[in-house]
Amino acid sequence: MSAILAAAVDADVVPPLWRLVTKFGYFAGLAAVMGSTLVHWTAVRPALRDADPADRTVLTGRSTLVMAWSGVVLLAALYPQLAGKAARATDGMSFGDGLAPSAIWAYLTVPAKHGAWVSPGCLVLVTYVLFAASAVLPILLFRRSLRDRAGTIAAVTFPLLVVAQLVTAIPGTLDGQTADTWTMTVLSYAHPIAGCTWVGGIVALVALARARARLSEAAGLVWGRIWRRFSVAAEVCVGVVIVSGLWLGWKSVGSPAQLWETPYGRFLLLKIALVAVLIGCGAVNEFVLLPRIARLRAAGDTRSVFAIAVGHFPKIVTLEAVVGVAVLAVVPFLNGSAREQAGGTAEPPATGALFTAVFVLLATVVAAFFANLKLHERIDHPEVTR
């Protein structure tokens with residue numbers, strides 16, 4: 001830890017404070033909106049279809065407020081992040097100068113380079129317009145008259161935000177594009193999208209759990225369904241994070257020694273440790289608490305289902321949320337790569353064997369995902385456990 005803090009004073013290794021703050025705010029905003037909308041769309045709304053009307057009202061109201069506030073967080077983070085982009089794109093420009101609307105507009109309207117069909121600034125402009133729309137849509141849920149449409153708003157906002165992030169992945173020209181560069185592009189975007197969705201979903205569940213004191217005992221089963229549905233989405237996110245993280249790590253780190261000999265490597269180790277804690281907590285939910293809920297429901301013990309789903313689950317998920325926010329706080333420190341900091345060794349080109357390994361790993365993740373679906377079905381279909 002002391003080595004990490006010592007590295008933080010080196011501006012050539014770690015970005016300045018304004019960059020750390022704006023980047024953290026940006027990822028926090030993305031995570032908040034992506035996580036809250038996905039949780040409502042794929043977990044809360046389906047789980048409440050046959051719930052007690054009073055419980056449905058409480059959980060729907062809480063979930064829509066979480067989405068609305070997440071939109072506020074994202075909207076507040078967009079302008080500083082865009083100003084930072086303008087400042088970094090212009091030599092000698094400070095962050096304070098980049099905050100000027102004229103500086104941002106100058107950055108967005110720089111002509112495309114020779115041979116390119118579109119300028120990077122134009123793609124950024126489209127991206128941030130879509131970001132703004134993705135933030136405003138959930139903010140509309142502060143109006144009670146629109147909360148009946150929360151499911152539709154969530155179903156539109158989540159994919160819109162994913163598309164917004166992918167816009168800047170579009171190359172200005174196809175010259176020099178190879179299977180290696182395309183794979184790198186896809187996985188470098190898939191990694192933060194999956195990670196933000198995962199962490200944001202956990203934080204949204206913690207916020208949702210604050211309504212548990214107003215729920216009836218019958219809500220235990222509803223909570224079990226919500227956790228079960230989110231865990232399915234979380235498994236997908238974890239699989240994408242692991243596969244893309246291995247690829248990006250191989251590209252960024254040239255040897256095991258670089259993990260502790262370079263600032264980038266040390267921050268990466270810290271991030272890996274935090275992600276491992278997240279996965280461990282998720283494993284407890286997946287293989288201990290969810291099966292226990294399934295067995296108790298099969299036995300008709302609704303009181304114990306409530307105690308676990310509304311008592312134990314939120315405690316573990318709160319720990320996950322704290323760790324997840326810590327992961328987002330570490331991400332801005334991952335500046336450059338360990339290869340650069342160790343002497344500027346070039347990234348190695350991908351080989352056929354590596355592509356095969358990635359394919360096998362993805363296939364393994366998909367197989368594990370479908371195998372676990374049977375476990376999750378036990379909560380909705382208790383006769384499976386009998």
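Modeller: Happy to, and please keep in mind that this is a predicted model. Let's start with Ala-321, which counts as buried because its relative accessibility is 10%, and the cut-off for buried is under 20%.

Colleague: Nice. Which helix is Ala-321 found in?

Modeller: Ala-321 sits in helix α12, which covers residues 302-330.

Colleague: And how far apart are Ala-321 and Val-199, in sequence and in space?

Modeller: Along the sequence they are separated by 122 residues, yet in space their C-alpha atoms are 6.8 Å apart.

Colleague: Let me step back a bit. How many helices and strands are there in the protein chain?

Modeller: The chain has 14 helices and 0 strands. Of its 386 residues, 47% are buried.

Colleague: OK, on to helix packing. How do the axes of α7 and α8 cross?

Modeller: Helix α7 (residues 150-167) and α8 have axes that come within 10 Å and cross at roughly 150°. That angle makes α7 roughly antiparallel to α8, because angles over 145 degrees fall in that class. The crossing of α7 and α8 is right-handed.

Colleague: What about α8 and α11, at what angle do their axes cross?

Modeller: Roughly 50°, with the axes of α8 (residues 179-209) and α11 (residues 263-298) coming within 13 Å. The two helices are therefore oblique to each other.

Colleague: Is that crossing left-handed or right-handed?

Modeller: For α8 and α11 the crossing is left-handed.

Colleague: One last residue before I run. Where is Ala-257 found?

Modeller: Ala-257 lies in the loop between α9 (219-252) and α10 (258-261).

Colleague: Why is Ala-257 classed as partly exposed?

Modeller: Because its relative accessible area is 22%, and partly exposed residues fall between the 20% cut-off for buried and the 50% cut-off for exposed.

Colleague: And what separates the C-alpha atoms of Ala-257 and Ala-342?

Modeller: A distance of 9.8 Å, although Ala-257 and Ala-342 are 85 residues apart along the chain.

Technical notes: Residues numbered from 1 in each chain as written. Predicted model: local features only at pLDDT ≥ 70, side-chain atom pairs only at ≥ 80, totals over all residues. Heavy atoms only, no water. Axes fitted to C-alpha atoms, helices over the stretch in contact; angles between N-to-C directions. Helix = DSSP H or I, 4+ residues; strand = E, 2+ residues; numbered from the N terminus. Parallel < 35°, antiparallel > 145°, perpendicular 65-115°, else oblique. Left-handed = near helix turned anticlockwise from the far one by under 90°. Buried < 20%, exposed > 50% of the residue type's maximum accessible area, 1.4 Å probe, protein only.
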